Amino acid sequence: MGKCELCSNEGSRMEANHKELGRIMVCQDCWVNLYDKNRMTCSVDASGGSCSCCSCR
Ligand SMILES: [Zn+2]
């Protein structure tokens with residue numbers, strides 16, 4: 001539990017690798033938002049090894 005580093009909502013957070021901000025803890029809404037807008041770097045861990053979230057390859 002804690003505060004989202006983007007919108008300051010309190011609640012459960014998820015780790016995101018933001019392209020500008022680095023590793024931050026955000027709420028699920030912000031995480032999905034970042035994911036949709038492709039603002040995260042490769043989430044290789046979450047996707048099991050293949051990067052489908054950005055054009056790093
Ligand atoms: Zn948030």
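**Close-up views of a predicted model**

**View 1. Pairing of strands S3 and S4.** In this predicted model, Val 26 of S4 is the bridge partner of Met 14. Strand S3, residues 13-18, pairs with S4 in the antiparallel sense over six bridges, where pairing requires that DSSP finds at least two bridges between two strands. Three residues form the hairpin that joins S3 to S4. Residues are numbered from 1 along each chain as its sequence is written. Local features need pLDDT of at least 70 and side-chain atom pairs count only at pLDDT 80 or more, whereas totals for chains, interfaces and linings use all residues.

**View 2. Order of the elements.** The protein holds one helix and four strands, taken as DSSP runs (helices H or I, at least four residues; strands E, at least two) and numbered from the N terminus. Read from that terminus, the elements run β-β-β-β-α.

**View 3. The largest nonpolar core.** Eight residues make up this core, namely Cys 4, Ala 16, Val 26, Cys 27, Cys 30, Trp 31, Leu 34 and Met 40; a nonpolar core is a set of buried Ala, Val, Leu, Ile, Met, Phe, Trp, Tyr and Cys residues joined through C-beta atoms within 7 Å. Strand S4 (22-27) and helix H1 (28-36) are the elements that give two or more residues to this core, and H1 gives the most, with three. Of the 57 residues of the protein, 16% count as buried, that is, with 20 or more other C-beta atoms within 10 Å of their own, these atoms being placed from the backbone.

**View 4. Surroundings of Cys 30.** Not counting residues up to four places away in sequence, Cys 30 touches Cys 4, Leu 6 and Cys 7, a contact being two C-beta atoms, placed from the backbone, within 7 Å.

Terms used
Buried ≥ 20, exposed ≤ 12 C-beta atoms within 10 Å, placed from the backbone.
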